[in-house]
Amino acid sequence: MTKDQILNIFIETDALLEGHFQLTSGLHSRQYFQCAKALQYPRNMEALCNMIAARFKDSNVDVVISPAIGGIIVGQEVGRQLGVRTMFAERKDGSLQLRRGFEIQKNENILVCEDVTTTGGSAKEVIDIVESRGGKVVGVGTIIDRSGGKVNFPNFYATLAVDVITYQPLECPLCANGVPIDKPGSRGNK
Ligand code: ZN
C-alpha cells in the first residue's frame with residue numbers, strides 16, 4: 001500500500017481526529033490518531049499487519065510480543081500471519097510485566113509490535129523485558145510512527161510515519177484561543 005492509501009484508511013474510518021488534544025507526553029496537538037478505530041475493521045487490520053509481517057518474514061521470528069492494550073491486537077495479527085507464538089506485557093504497579101505464564105526462552109528471536117509509537121517508551125520497556133530473559137529482539141514493528149524520527153530502535157519499521165505538529169502547553173495557539181482540550185491517550189502508553 002502507498003502512504004496515501006494507508007492515510008486514507010485512517011481518514012475513512014474517522015481514526016484521524018482533528019481538534020485540540022493533550023498527548024500522554026504532555027504536549028498539545030491538533031491531530032490525534034485513534035488507531036483502534038481503523039483497526040476495528042478486520043480487512044484494515046489484516047492489510048496493515050501484513051506490511052509488518054512481510055518486513056520481518058525472514059527474521060526467523062519465534063515470538064511476537066506487544067505492550068497492552070493497544071498493541072495486543074497488532075501483535076496477535078502479525079503473529080497469526082507469521083505463524084508464531086504471540087504474547088503481551090501488561091502494566092501492573094506502573095511498569096510493564098510479563099504475566100499469565102508467558103515465557104521467553106533464551107536466544108528466542110522476538111519481534112516487538114505496537115499500534116502507535118510516540119516516544120517509544122512502552123516498546124523500550126518490552127525490549128527490556130525480552131532482554132532480561134535472554135531473548136533477542138529482531139525488530140520493532142508499528143502501525144503508526146508519530147515520533148517525528150526521534151525513535152531509533154534497531155530494525156524499526158512503521159507502516160506509516162506521520163509528522164504531527166505538537167506544542168508546549170504554554171505555547172499552544174489552541175490554548176491561547178480558549179479551545180477546549182481533549183485527553184484521549186490511554187495511561188502510560190501514548
Ligand atoms: Zn493546547
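Colleague: Which side chain makes a polar contact with the side chain of R146?
Modeller: T118 does, at 2.7 Å. A polar contact is a pair of N or O atoms within 3.5 Å; within protein, one must be able to donate a hydrogen and the other to accept it, and residues adjacent in sequence count only if both atoms are side-chain atoms. Bear in mind that this is a predicted model: local features need pLDDT of at least 70, side-chain atom pairs count only at pLDDT 80 or more, and totals for chains, interfaces and linings use all residues. Residues are numbered from 1 along each chain as its sequence is written, and side-chain values use heavy atoms, leaving out hydrogens and water.

Colleague: Where does R146 lie?
Modeller: In the loop between β7 (136–145) and β8 (156–161). Strands are DSSP runs of E with at least two residues, helices are runs of H or I with at least four, and both are numbered from the N terminus.

Colleague: Is R146 buried or exposed?
Modeller: R146 is buried, yet has no salt bridge. Buried means under 20% relative accessible area, exposed over 50%, and partly exposed in between (1.4 Å probe, protein chains only). A salt bridge needs a side-chain nitrogen of Lys or Arg within 4 Å of a carboxyl oxygen of Asp or Glu.

Colleague: What is the nearest side chain of opposite charge?
Modeller: D145, 8.0 Å away. Lys and Arg count as positive, Asp and Glu as negative; His and the chain ends are not counted.

Colleague: New topic. Which residues are the protein donors of the zinc ion?
Modeller: H20 (NE2), H28 (ND1), C172 (SG) and C175 (SG), lying 2.0 to 2.4 Å from the zinc ion. Donors are N, O and S atoms within 2.8 Å of the metal (3.2 Å for Na, K and Ca); water is not among the atoms, so sites may look incomplete.

Colleague: And what does the pair H20 and C175 tie together?
Modeller: H20 is in strand β1 (residues 16–22) and C175 in helix α6 (residues 173–176), so they tie together parts 155 residues apart in sequence. H20 is buried, at 3% relative accessible area. C175 is partly exposed, at 33%.

Colleague: Now the sheet. What is the order of its three strands?
Modeller: β1-β2-β9, in an open sheet with antiparallel pairing. Two strands pair if DSSP finds at least two bridges between them. The edge strands are β1 and β9 (166–167), each pairing on one side only.

Colleague: Which residue of β9 is the bridge partner of S29?
Modeller: T166.
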